[in-house]
Structure formats: structure tokens, C-alpha cells
Amino acid sequence: MPLRKGIVFTAMEIRLCCCHERGMDDIILRLSGLTKTYPGGLTAMNNVDLTIRRGEIFALLGPNGAGKTTLIGAVCGLVTPTSGTIEVFGDNIRNNWRSARARIGLVPQELSTDMFEPVHRAVSYSRGLFGLAPDKARIEEVLRSLSLWDKRDEQIRALSGGMKRRVLIAKAMAHEPDLLFLDEPTAGVDVELRKDMWRLIGEMRERGTTIILTTHYIEEAEEMADRVGVIRKGKVLMVDDKNAMMQRLGTTEAVITLAVPLAQLPLALKDFPVTLENGGSKLCYRGGDGSGKGRAEVAGLTKALVRADIDYVGIEIRESSLEDIFVGLVENDAGEAA
Amino acid sequence: MMGFNFRSMRAIYQRELYRALRTAFQSILAPVLTTSLYFIVFGAAIGGRMPDLGGVDYGAFIVPGLLLLTLLSESTSNASFGIYMPRFTGTIYELLSAPIGVAETLVGFVGAAATKSLILAAIILATATLFVDYSIAHPVLAVFYIMLVAASFSLFGFILGIWADSFEKLGIIPQLILLPLTFLGGTFYSIDMLPDPWRAAALFNPIVYLVSGLRWTFYGSADVPIEISFGLTLGFLAICVAIITFIFRTGWRLRA
Ligand SMILES: Nc1ncnc2c1ncn2[C@@H]1O[C@H](COP(=O)(O)OP(=O)(O)OP(=O)(O)O)[C@@H](O)[C@H]1O
Ligand SMILES: [Mg+2]
């Protein structure tokens, strides 16, 4: 276990660390056959097997209703699984739930806080609730790292949505968790704040925190994650190294609006994966592998157009969205789970 | 992992008290005002025409009843809101994911609700001295009994707050059951004053035993023996604890 700066371990923690160091190598969380059927009869999580390694950033991707929040809820004690087992920090969570929960942090998807509470109180409360002694310095550190220090005395309701989300993150970090769940940390967050958040998540990883986050944005997974899991309709479709997955499934789409419509594809473009659409007025590129190859190829394509003296008036480039990947996944290997 | 997370419990307790402090003005002013009104109407206006009851002046006689009226409704509503609001706003996620069991949660939430009730009781008793002259025969037992009632009904309110899935439901039990039973339970009269079939019927009203028990600690005499009052209150407390423990075991209305 990587040591964290400026943190005093309690005797219990040290004991826990030691036995993990010996036996469990680097598996921090293991879900086996985890299933959740809600009272209404909907199976939100279907026989999920998943292993999370110590110290990694794991991104759980999936469309609305895929079961991401349900999965997180099952580990964090918000959802009672119908069947299956959860092993965390090397033991079944049924046995070690108290010590395990003290080391797990959760940033929920919904912005739910006591709106009338001042920021620093909310954060200090979380620390106490998770069984740690008050520590003003630590709270200050957390608030400063999230740029909340200036807002510490404000009531949470007076903050903007993005700032409220930061408060939730601060609350989850206040007890220095080893395993942190971030349920759509960047939903409804502007670009700048999103970048900030990525940086922050990177810093937490540096300190040795294992992070599991959910997102709809593949670029987010691309930016941060070491490994990616794709979940849909309660099933984990695949789990892979991010880079491997991007290469396999990522695509770039470019639409080039031509100045003069073409009747057929010129020979000069025969090596590019392009088609003519919209009566020959739009040249559509679809290719690449999610590792930047597509963009480079589009750049080459524009040069080829210039060389062939084909004028164009606009270019739109779009990296493959998660939805595209799902379509591909579901069409290609529908039944086959990774 | 065994044990009791003392720091978690303290965090919950302190925060609940702090939340009360935020609205201290309302939460204290309202009961003080109502109590004063009761004293003016029942004590001063009507009380003058009432005979002494068991050797106690009518104005003084209603002090324990009034106190109980406020204790029951405040304990119930404090605790039920305390747990209903987090469920309603979604902040309960934090409690559910915290390393705490039923014990820490109960001592934290219910302890805070009970503490508020006790502070309120003290304020009401102080208010009462402005209107009537009364004394307390068994002060230690009285404090103990007040604590017992506050804790029991805070537990009861906690159950309500978990059971309710709308604000309407939250108010329905206190309004439709607790309040009528309290009024019929000898708050403003001795059930000895009732004609016979009603007198027997009144003994099925659990509140009668509470009022009677508290009145005994004040004036040394009451409608039913003090042992029975104590016993029933303790029994009620135990049932509530059992129900809450069951709720936490099963996660009913708490975990999906
Ligand atoms: N408490 C509940 N009772 C009944 N059904 C539920 C409950 N919570 C979630 N569901 C259902 O379970 C499915 C999975 O929901 P979940 O919230 O886990 O999805 P998600 O992947 O987090 O989606 P999103 O990206 O929209 O957050 C959905 O169909 C949802 O309607
Ligand atoms: Mg979700």
C-alpha cells in the first residue's frame, strides 16, 4: 500500500495494511456473480464479475440505466444485492463492513446535501461520521485542494452546481478513503471545472487512492482511466485496458462539406475510409482507432483534397461516442461478456 | 469488526443539535407560546371554577399533563423529521455508507431529539411558574421519567420517519392518533372525573398511564400506580428499539 503524506495511521489501519500486504497482492475489490433485482422485478445488475486493482483508476462506462449506480450502491451499502459476493480489502464485506466502510468514500450522482449547512461544517461532519477525530488542518487541505477554502463559511445552497459537487467530493475525501467511488463526477460541470476535476482525481491516485468512476464520456475515460469497463443492461460487456479498448473500438468521424458536390469519389481519396453523402456535397470519413490515428488521418485527408484541387467549406470532426461503442459491442459480440 | 463508533455517534448528535440551534427561535418560541395559552385558558379562565383535584390546585394539576403534551409531540416530530429529511433529500446516502450500525445511529439521532425535548421541558416548567404555583414531590424521578418519555417517543418518531413516504404520512400519526389520545388521556382532568363506562374505556388509552406516571412524580398521587406507568413506558421503549433494530437489519425503507 502506498504511503500517504501527512497521515497518521491508527493501529487498526496498520494491522489491516499488513495483512493485505501479505496475502492479497493488489486486488482491492472483487465482485463475483453480483446480481440485483429491484422489488419491481427489474434486474439492474446481472451476474457481474469485476476485479479492481489497488491504486488504479477504473472507469465504468454505460448508458442511462445500465446499472452503474446500482453497482456502486451495492458496494457502499445503499443497495442490498440479491445474490453474489463482494470482497473488499481482502475479506467478504459481510464480515468487515465496519472497517471496510471506514476506508471507502462515495460521491453520489445526485447533488444531495444539507443545503443550509456551511461548507466546512458539512465536510467536518463527514469526517466525524466516518469515525475520525476532528482535524482542522486536514479539512483545510481538502477544501483548498478543491478551491473551496474561500467558500468555507457559505451555506451550500449559495454555491453553484459545480461547487456543490466539489463539496460532495470534499465530504467523501474528508476521511481519507483508500477506495473512492465517483458517480458521474463531471455531470453538469463545465470544461474548466472538468479539467480541474481530472487533475484532482490524478492527484488522489498519486496519493494511493483507488478510484472507481462512472461516466458517459469516453473522452473522460480516455483522459484518466487505467482500465475501462463497459456495462449495459446490468451486464458487464467488457473490461479492458483503456489503451487496448480505444484501439479496438475508438473511431473518428469527420464530415467535410465540399464547395462543389462530387458525382463520385476521386481516385486520390481511394485509400481513405470515406463515403460521399448528401448528393455528393458531403464527404464522410469514419475510421481511426481512438488513439489519435483518426485525427491524423483526417489531416492527411484534407491535404489530399487540396492536392486534388477539391475545395471544401467546412469540416466537423467527432471522436466516437460511447453510444457508438455500444452499438458496435452489442451488434458484434452480443452474448459474449468479457 | 465489532464495536461502537463513538466519534460517528458524536458527529450525528452534534449535527442534529446544531440543526436545531439554527431554528432555535421557532422551535422554542412556539411551544412556549402554546403552553402559555393553555395556562391562560385552562388554568386562569376555567381553573378558577374547578375544584382541587386530589388536593392539588387545578392550575398546578395540569402542569404535568401540559408538559407531557408538548414532550410527546415535540419528541415525535423532532425525531421523525430528523430521519425523514435525509431520506427525502437523499443525504441519507452518507449515513448508509458510514461505518455505523443501529446503535450509533439511534444514540445520535434519538439522543439529539430527546435532548431537545428535555431542554424544552425545562423551558415549559419555567414558563409554568409564571402562571401557577406548583412543586415537584419527586424531582429525581420526575427528571428520569421525562427522559424516559422523551427517549421513547423520539424512538417512536424515528420509526415514523422511516415508515413515512410522504410529508402527509409524517403528520398523520401525530395528528390523528397521538394528539386525540393525549387529550383524552387525562391531560386536563383526572380520569376519576369520568362516568363509569368511560372511565374503564380510558384505561385502554396508553397515554393515561404516561400522564398519570408523570403526575405521580409531581404530586405523589395519580390515577394508576406508578409502577405500572414506569413498566409500560419501559415496555414501549423496548418495543421501539426492537422495531428499529429490525428495520436496520433488513434495511426496510432505507436500502434499495
Ligand atoms: N430503487 C430502485 N428501485 C427500482 N428500480 C431502480 C432503483 N434504482 C434504480 N433502478 C433501476 O435500475 C436500473 C439501473 O439504474 P442505475 O441507476 O443503476 O443506472 P445507471 O447506470 O447509474 O444510470 P445513469 O447513467 O442514468 O445514472 C434502471 O433501469 C433504474 O430505473
Ligand atoms: Mg447512475
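**Exercise 1. A residue after a helix**

Which residue just after α4(A) takes a positive phi?

*Solution.* The model under study is predicted. Step 1: locate the helix; α4 of chain A spans residues 119-129. Step 2: inspect what follows. Just after α4(A), Gly131(A) has a positive phi of about 90°.

**Exercise 2. The covering of α4(A)**

Determine how many residues of α4(A) are buried, and what covers them.

*Solution.* Step 1: count the residues. Eight of the 11 residues of α4(A) are buried, and the helix is mostly covered. Step 2: name them. The buried residues are Val119(A), Ala122(A), Val123(A), Tyr125(A), Ser126(A), Arg127(A), Gly128(A) and Leu129(A). Step 3: identify the cover. Within chain A, the covering elements include α5 (136-145) and α6. From chain B, they include α1 (6-22) and α4 (92-97).

**Exercise 3. The contact between the chains**

Describe the contact between chain A and chain B by its residues, its area and its polar pairs.

*Solution.* Step 1: count the residues. Chain A contributes 35 residues and chain B contributes 29. Step 2: state the area. About 2,800 Å² is buried between the two chains, and carbon and sulfur atoms give 55% of this area. In chain A, the residues that lose the most area to chain B are Arg98(A), Tyr125(A) and Leu129(A), which together make up 26% of what that side buries.

Step 1: count the polar pairs. There are 15 residue pairs in polar contact between chain A and chain B, and the count of salt bridges between these chains is four. One salt bridge joins Arg22(B) to Asp114(A), with the closest N and O atoms 3.6 Å apart.

Step 2: assign the side of chain A to its helices. Helices α1 (11-23), α3 (93-102), α4 (119-129) and α6 (161-173) of chain A each supply at least two residues of the side that touches chain B. Of the elements, α3(A) gives the most, with six residues. Step 5: sort by type. On this side of chain A, 18 residues are nonpolar, nine are polar and eight are charged.

**Exercise 4. A serine in a loop**

Is Ser281(A) buried or exposed?

*Solution.* Ser281(A) lies in the loop between β12 (274-277) and β13 (282-287) of chain A. Step 2: apply the cut-off. Ser281(A) has a relative accessible area of 18%, and buried means under 20%; therefore Ser281(A) is buried. Step 3: list the contacts. Apart from neighbours within four places in sequence, Ser281(A) is in contact with Ile256(A), Thr257(A), Leu258(A) and Pro261(A).

How values were computed
Residues numbered from 1 in each chain as written. Chains lettered and ligands numbered in written order. Predicted model: local features only at pLDDT ≥ 70, side-chain atom pairs only at ≥ 80, totals over all residues. Heavy atoms only, no water. Contact = heavy atoms within 4.5 Å. Buried area = accessible area lost by both parts, 1.4 Å probe. Salt bridge = Lys/Arg side-chain N within 4 Å of Asp/Glu carboxyl O. Polar contact = N/O pair within 3.5 Å; in protein donor to acceptor, adjacent residues only side chain to side chain. Helix = DSSP H or I, 4+ residues; strand = E, 2+ residues; numbered from the N terminus. Nonpolar A, V, L, I, M, F, W, Y, C, P; charged D, E, K, R; others polar. Buried < 20%, exposed > 50% of the residue type's maximum accessible area, 1.4 Å probe, protein only.
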